[in-house]
Amino acid sequence: MSFCSFFGGEAYKDHFQTGVYVCSKCDHQLFTSRSKYEHSSPWPAFTETIHEDSVSKQQERPGAYKVHCGKCGNGLGHEFMNDGPGKGMSRF
């Protein structure tokens, strides 16, 4: 699954069925449905990854990180600090 779809909406934003989200390019496990939550952005949001190496992050600006698949480097979107479902949590 690639998160960024600027044309026609994001297919996984309102998808809450039980399962595992994997990279669309290499099938590397990224997130589980248990860590997904509703958010006002047009993309799906998660509070944690499946494995420590599920994703890699590169800081773009203070409080915002570009997120990539931890295996193949496929672009997945952004992580925003202090923008999660609870105070002080992050959102992928």
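## A lysine and its contacts

Leaving aside its neighbours within four places in sequence, which residues is K66 in contact with? In this predicted model, the partners are S56, K57, Q58, E60, G77 and H78. To find K66 in the structure above, look in strand β6.

K66 is buried, yet it has no salt bridge. What is the nearest side chain of opposite charge, and how many Å away is it? That side chain belongs to E60, 5.7 Å away. A salt bridge would need a side-chain nitrogen of Lys or Arg within 4 Å of a carboxyl oxygen of Asp or Glu.

## The sheet around strand β6

Now follow the strands. β5, β6 and β7 form an open sheet, in that order, with antiparallel pairing. β5 (55-61) and β7 (75-80) stand at the edges with a single partner strand each, so one side of each has no neighbour in the sheet. On average, neighbouring strands here are turned by 30° against each other, direction ignored.

Strand β6 covers residues 64-69 and runs antiparallel to β7, with five bridges joining the two. As a general rule, strands of a sheet pair through backbone hydrogen bonds.

In soluble globular proteins, nonpolar side chains tend to be buried together. Here the largest nonpolar core has nine residues: Y21, C23, L30, F31, F46, V55, V67, C69 and L76. Which elements give two or more residues to this core? They are β2 (29-32) and β6.

Key
Residues numbered from 1 in each chain as written. Predicted model: local features only at pLDDT ≥ 70, side-chain atom pairs only at ≥ 80, totals over all residues. Heavy atoms only, no water. Pairing = 2+ DSSP bridges. Helix = DSSP H or I, 4+ residues; strand = E, 2+ residues; numbered from the N terminus. Axes fitted to C-alpha atoms, helices over the stretch in contact; angles between N-to-C directions. Buried < 20%, exposed > 50% of the residue type's maximum accessible area, 1.4 Å probe, protein only. Lys, Arg positive; Asp, Glu negative; His and termini not counted. Contact = heavy atoms within 4.5 Å. Core = buried A, V, L, I, M, F, W, Y, C linked by side-chain atoms within 4.5 Å.
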